[in-house]
Amino acid sequence: MIITITMNPAIDRGASIEKISPEKKLRCGELTVEAGGGGINVSKAVKELGGLSYAIFPAGGGNGRHIQEILTKKDIPYTAVKVLANTRENLTVVESSTNLEYRFVMPGYGLSQEEVERCYSTIAILNPLADILVASGSLPPGVSEDFYVRLAHMAKKSGIRFVADVSGSALQLVAQEGVYLLKPNLSELAGLVGEEHIERDEVKEIAKEIINKGFCKVLVVSLGEQGAILITQDHYEEIPAPHVEKLSTVGAGDSMVGGMVWMLQRKKELLEVVKFGVACGTAATLNIGTQLFNKKDAFRLFKTMNVDTQKT
């Protein structure tokens, strides 16, 4: 079982407009509404691939109920920990004349310490059922930056593979605890070793340093539309993304994680795991607004990537 943790879920709203101009009424096209937040998106990706995951998240107010309704319709099992504050919402607007994407991400409302503890207890009770635990997304106000550290420690004791797709101080702290897989981008990778910026050709040396420190067993460095880099103790592989005409980047990173954990659960080799993750992330850019990827697109791109590898 894959369990996903989303401590800062959201209703993701998306729309498009011909041109964005200040101080005018901007009449948008049709509104799309989705349940969002890192872990929830990972669960949606696993579901699209035909896999099974269990989503855990705090939910409050009308937005919290809406997320539950959406997941119920998608037949994604979940536990929503009831909290007082209304769950946040985000807005993505695509300017169709330029294909530029504007993403307005809200911080979320604070959780009380008692609500945070109920979230942790809900996860702890379910953890014997999991073989992969995914923590993805930001933390809302009121949740300590070491929350993921507690989860990582619990997972380690229980022999669960912990996958962390987090950023900032939360990433720094959970890495020091040690996890199975980390998925930073270049900027986040630099932060892990106390640097402000690193170049791509420095990744191999820095990644080996991170693994030798015990921060993780598998490091997947996301390069966005350029693909990803897989590093383990004895392996280094650059994985270019297939070229596509992207429409939106919303959910691409979460789609990548979803594809990877689905393949991990199926006991695939790590190179195949990360390749498929890149295919899913790339497939997500083919859809507009708040949609993730289509399964057929993901497998088509994955097949193309394998053909290109064989040619080289």
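Colleague: Which side chain makes a polar contact with the side chain of Lys-74?

Modeller: The side chain of Glu-34 does, at 3.2 Å. Before we go on: this is a predicted model, where local features need pLDDT of at least 70, side-chain atom pairs count only at pLDDT 80 or more, and totals for chains, interfaces and linings use all residues. Residues are numbered from 1 along each chain as its sequence is written, and side-chain values use heavy atoms, with hydrogens and water left out.

Colleague: What makes the pair of Glu-34 and Lys-44 a polar contact?

Modeller: The term asks for a pair of N or O atoms within 3.5 Å; within protein, one must be able to donate a hydrogen and the other to accept it, and residues adjacent in sequence count only if both atoms are side-chain atoms. The side chains of Glu-34 and Lys-44 are joined at 3.2 Å, so the pair falls within the 3.5 Å limit.

Colleague: Why is Glu-34 called buried?

Modeller: Glu-34 has 14% relative accessibility, so it counts as buried; the term means under 20% relative accessible area, with exposed over 50% and partly exposed in between (1.4 Å probe, protein chains only). Glu-34 lies in strand 3, residues 32-36. Helices (H or I, at least four residues) and strands (E, at least two) are DSSP runs, numbered from the N terminus.

Colleague: Is Ser-255 buried or exposed, and why?

Modeller: Ser-255 is buried, because its relative accessibility is 0%. Ser-255 sits in helix 8 and touches Ala-45, Cys-280, Gly-281, Ala-284, Leu-292 and Phe-293, leaving out residues up to four places away in sequence. Contact here means heavy atoms within 4.5 Å. Ser-255 and Leu-292 are 37 residues apart in sequence, with 6.7 Å between their C-alpha atoms.

Colleague: Why is Thr-282 put in its accessibility class?

Modeller: Its relative accessible area is 8%, so Thr-282 is buried. Thr-282 is in helix 9 and, apart from neighbours within four places in sequence, is in contact with Ala-241, Pro-242, Val-244 and Leu-301.

Colleague: And why does Asp-201 get its label?

Modeller: At 71% relative accessibility Asp-201 counts as exposed. Asp-201 is in the loop between helix 6 (186-192) and helix 7 (203-212). Its C-alpha atom is separated by 33 Å from that of Val-94, 107 residues away along the chain.

Colleague: What makes the phi of Asn-99 worth a mention?

Modeller: Asn-99 is not a glycine, yet its phi is positive, about 65°. Most residues other than glycine have a negative phi. Asn-99 is in the loop between strand 6 and strand 7, and with a relative accessible area of 34% it is partly exposed.

Colleague: Where is Lys-267?

Modeller: Lys-267 is in the loop between helix 8 and helix 9. Its phi is also positive, near 65°, and at 69% relative accessible area Lys-267 is exposed.

Colleague: What makes a set of residues a nonpolar core?

Modeller: Its members are buried Ala, Val, Leu, Ile, Met, Phe, Trp, Tyr and Cys residues joined through side-chain atoms within 4.5 Å. The largest such core has 51 residues, and Tyr-148, Phe-162, Leu-182 and Leu-219 have the most contacts inside it. Helix 4 (residues 147-158) gives the largest share of this core, six residues. Apart from it lies another core, of 39 residues, among them Val-46, Ala-241, Met-263 and Ala-283.

Colleague: How do you know a cavity from a pocket?

Modeller: On a 1 Å grid over the protein atoms alone, a cavity is a set of points where a 1.4 Å probe fits but cannot get out, while a pocket is an open set with protein on both sides within 12 Å along at least five of seven lines; lining residues have an atom within 4 Å of a point. The search of the whole structure finds one cavity of 30 Å³ or more. The largest cavity has a volume of about 110 Å³, and of its 14 lining residues the closest to its centre are Asn-8, Pro-9, Thr-87, Tyr-109 and Leu-111. The largest pocket has a volume of about 1,100 Å³. Its lining has 43 residues, with Arg-103, Thr-249, Ala-252, Gly-253 and Asp-254 nearest its centre. A volume is the space filled by probe spheres set on grid points, which are joined across faces, edges and corners.
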